[in-house]
Amino acid sequence: MDRIGLTQNFQTHCFFHFTASLRTQLSKVSNFTPNFKNPKVVTACMAAATPAVAPTATTFGFKNLMETVTIDVHKAEGRPLNVPLIAPFTIASSRLDKVENVAIRVELSNGCVGWGEAPILPSVTAEDQSIALAKAAEACEFLKQSREMTLNVALTKIGDVLPGHDFASVRAGVEMALIDAAANSIGIPLWRLFGGVSNAISTDITIPIVSPMEASELASKYRKQGFKTLKLKVGKNLNGDIEVLQSIRAAHPDCLFILDANEGYTANEAIKVLEKLHEMDVTPVLFEQPVHRDDWKGLGHVSQIAKDKYGVSVAADESCRSLVDAKKIVQESLADVINIKLAKVGVLGALEIIDLVRSSGLNLMIGGMVETRLAMGFAGHLAAGLGCFKFIDLDTPLLLAEDPVFGGYEASGPDYSFSNARGHGGFLHWENIA
């Protein structure tokens, strides 16, 4: 049986077996009247193989899910999620030779299952895999010992168990799994719950720090695959970065550039890079985290020069690790764009920052660590449903040598499409996870 067939059978079983209890919960929500009496309607709603449909507004959204759907966790567990990379992933602040994340599986008493992922990226996430596994076990044990509660209460309590940036990645993974399980219980895909603006996104693709020849080969490969925006990792060596940019420009002359320094430059070096690119008649569409995350003055200075002199927007990534950071960036005009990553602030934390940024007039970017299609799928549903992200950087599953995820979104080059499968639709063969 293929991955889609497995997903369809699993989801249909969960839904039909617990229709009566779900009807009771959903009847409390105004304007939400799923047809439980017509099996054809239910099957069409639930089938993971259903093609992507035209987005329509939904009256049952994420806030309804939080306030009205109750969850009773029967099983919960975190396990290592180790996946090889096609090639080492090098950025200014670290090098990753293989993915060592943590998968989270939550099963409710009604049989519905939710999946999450806590990504680990040295120097960016506070947790390593051993810490993440220990904290995931603590959170899972708490959920198993807890009584039935609304999703809102469950997520709030998880925030207490896994507070702040130190455990943000694990918190995000557990939040994903709980939200996915709740969405599975009521038979709605996440992109609809998050707003239903769209059921598709297009991503850039990343070229890590490599030699000019390797960068040229990757640029040619990605051009053939249809990628129009290349995100180039820089920040280790200014002159080397310029050489790589020149080689990429020759291989993919019509591409759009995002530069990501991952804190690697000083403010003066970042401005010098922009000067060199200007001489080459190259204007990046975005310059991401040019300076150290705590160099607020440098970030603001680079942002001002980049925008006023070169017409380049600057994004804050590592500098934004909390709502407090986001408020500082907005109030002091330190950047033009804020990069949302669930592993930095958790799902609920991300939604708070998104609301703030949208009301401020700044632009939004969504990205991730090095993740499988579990975490990327969740983030993709969020991006598609909200429809408010100017820059989308959800490409890292394309850098993996293996895909351990069944079901989930469909990818064609840079384009991801999300079906009407429940939740985010992706899952793992748990018995195959170490």
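Tutor: We will go through the sheet, the core, a helix pair, a hairpin and some backbone angles.

Student: What should I know before starting?

Tutor: This is a predicted model, in which local features need pLDDT of at least 70 and side-chain atom pairs count only at pLDDT 80 or more, while totals for chains, interfaces and linings use all residues. Residues are numbered from 1 along each chain as its sequence is written, and side-chain values use heavy atoms, leaving out hydrogens and water.

Student: What is the strand order in the open sheet of eight strands?

Tutor: In general, strands of a sheet pair through backbone hydrogen bonds, either parallel or antiparallel. Helices (H or I, at least four residues) and strands (E, at least two) are DSSP runs numbered from the N terminus, and two strands pair if DSSP finds at least two bridges between them. Here the order is E7-E8-E9-E10-E11-E12-E13-E14, with parallel pairing. Strands E7 (205–207) and E14 (391–392) are the edges, each pairing on one side only. Inside the sheet, E8 (residues 229–233) and E9 (residues 256–260) pair over five bridges in the parallel sense; leucine 232 has leucine 259 in E9 as its bridge partner.

Student: Which strands does helix H9 touch?

Tutor: Helix H9 (residues 212–224) packs on the sheet against E7 and E8, and its direction makes about 165° with that of E7. Contact means heavy atoms within 4.5 Å.

Student: Which residues touch the most other members of the largest nonpolar core?

Tutor: In soluble globular proteins, nonpolar side chains tend to be buried together. A nonpolar core is a set of buried Ala, Val, Leu, Ile, Met, Phe, Trp, Tyr and Cys residues joined through side-chain atoms within 4.5 Å. Buried means under 20% relative accessible area, exposed over 50%, and partly exposed in between (1.4 Å probe, protein chains only). The largest core has 139 residues, of which Leu65, Leu178 and Phe389 touch the most other members. Helix H7 (residues 168–186) gives the most to this core, with 11 residues. Beyond its neighbours within four places in sequence, phenylalanine 389 contacts residues including Ile340, Ile354 and Leu382.

Student: At what angle do H11 and H12 pack?

Tutor: Two packed helices are described by the angle between their axes and the distance between the axes. Axes are lines fitted to C-alpha atoms, for helices over the stretch in contact, with angles running from 0 to 180 degrees between N-to-C directions. Helices H11 (residues 267–279) and H12 (residues 296–310) pack at about 15°, with axes 9 Å apart.

Student: How many residues lie between E3 and E4 in their hairpin?

Tutor: Four residues lie between them, and glycine 111 in the turn has a positive phi of about 95°. Strand E3 (residues 95–108) pairs with E4 in the antiparallel sense over six bridges, and arginine 105 stands opposite tryptophan 115 in E4. Six of the six residues in E4 (residues 113–118) are buried.

Student: Where is glutamate 263 found?

Tutor: Most residues other than glycine have a negative phi. Glutamate 263, in the loop between E9 and H11, has a positive phi of about 75° and is buried at 12% relative accessible area. Glutamine 289 also has a positive phi, about 35°, and is buried at 0% relative accessibility.
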